[in-house]
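Keep the viewer open as you read.

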Amino acid sequence: MSPTATRVNDFTIKIATVNGTGSASANTLLMKSIFRSGIPVMGKNYFPSNIQGLPTWYEIRVTREGYVARSGRVDLMVAMNAETYARDVREVAPGGYLVYDSTWPRPALLKRDDITVLGVPLARLCNESFNGVRTRILMKNICYAGVLAALLDLDIARIRELLAETYAKKPQLVESNMKAIQLGYDYAREHFSCPLPLRVEKMDQTAGHVMIDGNTAAALGCLYAGATVAAWYPITPSTSLMDAFKMFADRTRVDKDTGERNFAFLQAEDELAAVGMVIGAMWNGARAFTATSGPGISLMNEFLGLAYYAEVPTVIFDIQRVGPSTGMPTRTQQGDLLLAAYASHGDTRHVCLYPANPEECFYMAAQAFDLAERLQTPVLVLSDLDIGMNDWMCRDLKWDDAYRPDRGKVLGKEEVLKLKKFYRFLDVDDDGIAWRTLPGVDPKAAYFTRGSGHNQYGAYTEDAADYQVVLDRLLRKWATAKRLVPRALIDATADSKIGLVSLGSCDGAIREARDVLARRGIAVDYMRVRAFPFSEDVGEFLVSHELSFVIEQNRDAQLRSLLTLETAVEKSKLRSLLHYSGLPISSEFIVDGVLAELQHERRVKPKDAAHG
Amino acid sequence: MTFIAKPKVAHPSLPRNPLGLTRRDYEGALSTLCAGCGHDSITAAIVEASWGLALEPQNVVKLSGIGCSSKTTAYFVSGGHGFNSVHGRMPSIAMGANVANRNLSYIGVSGDGDTLSIGLGQFCHAIRRNLDMLYIIENNGVYGLTKGQFSASADIGTRAKKGETNVQPPIDPVLLAMTLGASFVARSFSGDKRQLVPLIQAGLKHRGFALIDVLSPCVTFNDHEGSTKSYAYTREHYEPAVQADFVPLEREISVEYREGEAVPVVMHDGSRIVLRKLDAGYDPTNRATASAHIQERMKAGEYLTGLLFLDETAQHEFHQVNSTPARPLNSLPYEALSPGSKGLEKILSRYR
């Protein structure tokens with residue numbers, strides 16, 4: 001056993017349990033009690049695609065620096081699942097700790113000379129104090145939260161406060177849960193030297209922040225954007241976005257007197273129908289959206305092509321999971337970048353937004369509707385399971401009451417009547433965006449929407465030139481989109497020849513990796529793209545850096561492909577760092593990857609490292 | 001879908017409806033379908049029915065999928081918006097559109113390929129949701145645009161133009177709709193305008209999903225001897241069971257109907273349909289016996305036609321179930337939709 005240095009507010013706990021045993025409540029309780037003590041904290045849930053009985057892990061990183069990604073190391077493991085003991089014990093960093101249920105001692109299996117093993121007879125303690133099989137299982141998990149409270153010096157009063165909020169309507173549950181907490185707490189204080197060198201200490205770094213998951217934040221964005229139609233087909237990990245929207249809409253959009261609902265929530269028969277409903281509703285002037293994941297996007301391809309060519313606003317949230325095919329539904333990836341960008345047959349390109357965290361999910365969700373209606377085209381918001389389903393600490397979401405939806409170029413009755421004749425696809429403003437009308441306005445405003453060849457007047461055509469006029473205008477619209485979508489975030493303060501380039505949920509790990517690299521004397525610039533099409537500065541960044549590491553969470557370097565296809569950068573200037581295990585990328589992975597590549601460059605071309 | 005705009009010349013002597021519009025005002029672009037196509041007769045019936053009901057043209061929304069039938073939405077009511085979507089997916093577009101604005105009349109035109117093969121799922125679910133629309137199937141038993149393959153409505157034993165005999169049993173949209181709980185189910189023949197026009201009117205007035213399966217012979221690929229969907233065969237084997245006469249709100253029932261033979265049904269807006277039983281043993285208000293009867297006749301090679309089933313009391317139209325406000329969702333002011341910054345603070349208190 002190696003001595004451990006004191007580490008206050010800077011360590012990672014991992015809890016290994018079995019799904020369906022109530023461990024989620026215990027883990028949320030732990031995380032929130034740390035958050036409420038003013039200490040930045042990160043939580044990641046690694047769960048199986050299963051209802052009950054399979055291994056599940058939860059990682060809590062206490063991070064005084066406010067990092068939001070995995071560090072890559074585990075300092076304290078709570079091993080509650082005998083089935084995964086062997087791998088759980090291996091994962092603990094040297095000098096770390098392992099807590100396990102010693103009702104059934106396993107000295108041989110859990111032996112490691114360089115860590116401290118702390119046995120707590122959780123099952124026995126709970127069996128003695130609680131009745132009923134289910135209660136005992138649930139309480140065993142709450143009990144380990146009590147053990148951790150003692151070991152890490154968590155504030156018991158905070159825990160009680162949280163339980164009181166959670167069980168406001170069932171006060172008897174507060175008492176039974178507190179009893180379990182106390183059992184674990186007292187046992188640990190009696191048998192171990194508490195607190196451990198790993199411990200928390202009150203800070204004041206979480207004021208003005210919330211702990212929220214990206215799907216909830218995106219649902220709020222839809223609510224605030226004024227979306228009235230939500231159509232979907234259930235699929236992990238997007239379902240909670242729709243659940244959240246329904247919850248918020250039920251609370252804020254139902255007339256208390258009449259029971260009238262200012263929204264419609266449509267559970268479709270499949271993803272094809274879901275996106276069809278969205279297209280139909282948006283065509284008819286309501287703000288509508290759907291949420292899905294990769295398999296759903298595959299199915300929606302046909303309709304995406306229609307919405308692109310017939311120019312119907314469409315908003316789709318793709319909460320990416322691991323592919324290909326069904327893949328690993330409960331693990332995270334950025335595997336739909338190419339699929340989303342070019343979905344459907346023929347020449348199609350779609351506006352994509354890449355939020356990096358729940359905060360951006362909120363703002364980009366609202367922005368997606370404005371962009372879709374302004375550009376009369378599909379907008380795909382590419383979140384992922386890590387952002388969507390994990391609670392992230394982020395700045396308070398703010399809403400500007402002056403906001404009014406940008407409904408784009410829609411002619412009303414009076415405007416139509418002033419026209420000599422209305423034509424649907426004429427580029428009258430020279431920005432590639434034509435004016436549209438909504439059904440029910442006036443016979444003069446009527447037009448025919450079709451996915452078949454049409455001319456700029458809205459009539460069917462098979463004429464080569466007429467067809468091309470429309471297709472070429474769509475390119476001008478794409479150029480307009482380039483100006484309207486969120487720009488890349490570029491931090492070139494390091495003034496380095498080396499750049500890190502990434503998107504979405506890699507952001508947290510990259511920020512931390514940059515700090516680590518800087519401490520090792522390697523300063524790097526950073527660009528995070530936030531939308532497709534890429535704004536002009538994306539290409540400029542790539543061209544102006546000798547070497548760029550493109551960091552993404554898929555096997556086939558999809559962002560790198562997009563960058564080489566859509567900017568003038570030379571392919572050889574881009575190095576890929578690819579993380580596609582299904583777990584969220586860690587800062588350690590990036591640091592190691594950059595260092596290894598730079599060493600390799602030096603070995604291969606000692607004098608000309610940057611030109612590969 | 002046509003290259004040629006139809007000239008709109010209204011002779012002063014043309015009769016006008018209460019809106020002052022002539023039948024011309026309910027026409028659309030020139031049809032590009034084959035001469036003699038049954039679908040064109042259905043288009044004409046829709047024009048007649050819409051004119052007769054004095055629908056505001058801009059309040060008509062025309063929706064379709066892909067195929068010969070789906071082209072026809074361009075051929076009627078040019079003053080209404082049209083949406084020619086993708087193959088078999090019209091019901092979902094219609095659903096979304098209808099949810100956004102409940103105050104318009106939605107007419108979907110589909111074919112047997114579009115509805116019974118690629119779009120069977122969406123068709124079934126539109127019925128299940130009781131989407132408020134008129135859904136017309138222009139049923140000819142073949143794929144026209146791809147040149148004469150059997151569709152899922154082709155009867156066993158029917159012969160293709162090239163001689164092949166169909167061996168797979170058909171899917172019947174009428175029986176299917178009855179099973180799925182549709183509240184308005186009709187069958188007609190493109191060649192029987194007297195039956196079809198009032199059916200379309202009744203379907204448009206029905207609150208909820210109204211299906212009219214219209215046998216509509218394909219003159220090019222399925223009008224030969226040996227085909228069970230030819231004009232000749234259809235004329236011989238279609239059997240009107242229930243005549244539906246549509247009586248507008250403002251008009252009295254003037255025709256004398258014999259006791260026990262005619263059943264007036266009041267639609268949700270107060271207009272009426274008088275159901276006249278031409279087949280004494282048939283009850284169009286009893287789902288179980290009606291289904292059995294249709295099936296029996298079908299076994300005998302006869303197609304029962306008319307308004308085969310109607311339940312105007314069914315209260316599960318989508319918007320009723322959803323409690324949608326009378327004001328369409330697409331025109332609710334933003335203020336009614338956003339809880340504002342104060343509301344957000346309240347919501348976020350849960351996440352601290």
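Start with helix α9 (residues 271-283) of chain A and α3(B): their axes come within 6 Å and cross at roughly 45°. Axes here are lines fitted to C-alpha atoms, for helices over the stretch in contact, with angles running from 0 to 180 degrees between N-to-C directions. Helices are DSSP runs (H or I, at least four residues), numbered from the N terminus. α9(A) and α3(B) are therefore oblique to each other, oblique being what is left after under 35 degrees (roughly parallel), over 145 (roughly antiparallel) and 65 to 115 (roughly perpendicular).

A note on the ground rules: this is a predicted model, where local features need pLDDT of at least 70, side-chain atom pairs count only at pLDDT 80 or more, and totals for chains, interfaces and linings use all residues. Residues are numbered from 1 along each chain as its sequence is written, while chains are lettered from A and ligands numbered from 1 in the order in which they are written.

So who touches whom? Residues of α9(A), including A:Gly276 and A:Ile279, meet residues of α3(B), among them B:Ser92 and B:Gly96; contact means C-beta atoms, placed from the backbone, within 7 Å.

Now zoom in on B:Gly96, which sits in helix α3 (residues 90-100) of chain B. B:Gly96 counts as buried because it has 29 C-beta neighbours inside 10 Å, the cut-off being 20 or more. Beyond its neighbours within four places in sequence, B:Gly96 is in contact with chain A residues including A:Val229, A:Met277 and A:Ala288. B:Ala44, by comparison, is 52 residues from B:Gly96 in sequence and 27 Å from it in space, C-alpha to C-alpha.

Methods. Helix = DSSP H or I, 4+ residues; strand = E, 2+ residues; numbered from the N terminus. Buried ≥ 20, exposed ≤ 12 C-beta atoms within 10 Å, placed from the backbone. Contact = placed C-beta atoms within 7 Å.
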